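This briefing goes through a protein structure by topic. Look at the sequence and the structure below before reading the points that follow.

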Amino acid sequence: MLPIDGANDLFYKVPPKQICNKIYTIRPFRNSDELGIFRQCRMTYQDGRDATDLFSEHLRLPGNKKVGALLTFSPEYCFVAEEDGELCGYALATLDSMEFQKKCELAWLPEMCMKYPKPEKTEGLTLAEMIIVSFHNHKPFRPLNMFQRFPSLLTMSVLSSVEDQGVLKNLLACILSALKANGSHGAYIEVLKSECSMIDFYKKLGFF
C-alpha cells in the first residue's frame, strides 16, 4: 500500500550514482504493446524469474492472470518503458479497484473459465494448472476499510536487463500522477507471501 500524497520523493530527481548510456522511453500503453507485456509476464512470473518453460501449452496464461483485466478495463492508466523500441517494463493500474473487481467477476473471470477448463485432478497440479484453478475458485477480496484509504490497484515490472534503476521510479511516478489527477489518494499492490523478491522490490519503492 502507498499513500499517493506520501510519495513525493518519486518526483524529486537526484544525480545518478552511475552513468547509464542507454536511453529509456516511458509512454502510455498502446494496444500493440499487449504481446510484449504478456511476454514479460512469462519472463518474470516466478518471483521475478523466467517461467516461460512452465507455460509452453498456455503462453498467454500468466498475462491473463496478472495483467489481462487491467489492460482490458483500464488501459488509460497503463504505461510502458522501452529501450531501443523494445518493451522492457510496465506499470498498470485501475482508479477504482472495487468497481474493477466487479467488472472482472462479471466479464473477465467467466471468459477465463471458458477459455481454461478446470483440471479434473486436485493434487500434483502444475503452476499453470494452479492458475487455471484460481480462475474457477475465485473469492472476492473487498476489505472496505482498505479500499477507503487505498482505492486504486496497480502492478508494475521491469526486466532484469534494465540498468537504470530510475526507470522504476519514473514508471511509478507516471502512474501515480495519473491516479492522483483523477482523484485517487492511495494505491495498493497484490503480491503472494512467497514472492520475497517482489515484496522487497515494492518496499524499495515506498510500499508498506
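**Salt bridges and buried residues**

Glu34 is partly exposed, with its relative accessible area at 26%. The model is predicted.

**Charged pairs**

- Side chains of opposite charge can pair when their charged atoms come close.
- The count of salt bridges in this model comes to five.
- One of them joins the side chains of Arg60 and Glu34, at 2.6 Å from N to O.
- Arg60 sits in the loop between H1 and helix H2 (61-66) while Glu34 belongs to helix H1, so this pair ties together parts that are 26 residues apart in sequence.
- Arg60 counts as partly exposed, at 32% relative accessibility.
- Another salt bridge is formed by the side chains of Glu82 and Arg27, at 2.8 Å from N to O.
- Because Glu82 lies in strand S3 and Arg27 in strand S2 (residues 24-28), their pair ties together parts that are 55 residues apart in sequence.
- Glu82 is buried, with a relative accessible area of 15%, and Arg27 counts as buried at 10% relative accessibility.
- Lys121 and Glu129 also meet through their side chains in a salt bridge, at 3.4 Å from N to O; Lys121 is partly exposed, with a relative accessible area of 39%.

**Nonpolar cores**

- The largest nonpolar core has 32 residues, and Ile37, Leu61, Val67, Leu71 and Leu92 have the most contacts inside it.
- Elements that give two or more residues to this core include helix H1 (34-44), helix H3 (68-73), strand S3 (78-83) and helix H5 (127-136).
- H4 gives the most to this core, with five residues.
- Another core, of 28 residues, lies apart from it, and among its members are Tyr77, Phe79, Cys88 and Leu154.
- Leaving out residues up to four places away in sequence, Leu92 touches several residues, including Ile37, Val67, Leu71 and Ile175.

**Helix H4**

- Helix H4 (residues 97-115) has a kink of about 45°, centred on Cys104.
- Cys104 is buried, and other buried residues in H4 include Phe100, Trp108 and Met112.
- At the start of H4, the backbone nitrogen of Met98 has a side-chain oxygen of Asp96 within 3.1 Å.

**Thr94**

- Thr94 belongs to strand S4 (residues 86-94).
- Thr94 counts as buried because its relative accessibility is 6%, and buried means under 20%.
- Apart from neighbours within four places in sequence, the contacts of Thr94 include Leu70, Phe100 and Leu179.

Methods. Residues are numbered from 1 along each chain as its sequence is written. This is a predicted model: local features need pLDDT of at least 70, side-chain atom pairs count only at pLDDT 80 or more; totals for chains, interfaces and linings use all residues. Side-chain values use heavy atoms; hydrogens and water are left out. Helices (H or I, at least four residues) and strands (E, at least two) are DSSP runs, numbered from the N terminus. Buried means under 20% relative accessible area, exposed over 50%, partly exposed in between (1.4 Å probe, protein chains only). Contact means heavy atoms within 4.5 Å. The bend at a residue is the angle between axes fitted to the seven residues ending there and the seven starting there. A polar contact is a pair of N or O atoms within 3.5 Å; within protein, one must be able to donate a hydrogen and the other to accept it, and residues adjacent in sequence count only if both atoms are side-chain atoms. A nonpolar core is a set of buried Ala, Val, Leu, Ile, Met, Phe, Trp, Tyr and Cys residues joined through side-chain atoms within 4.5 Å. A salt bridge is a side-chain nitrogen of Lys or Arg within 4 Å of a carboxyl oxygen of Asp or Glu.
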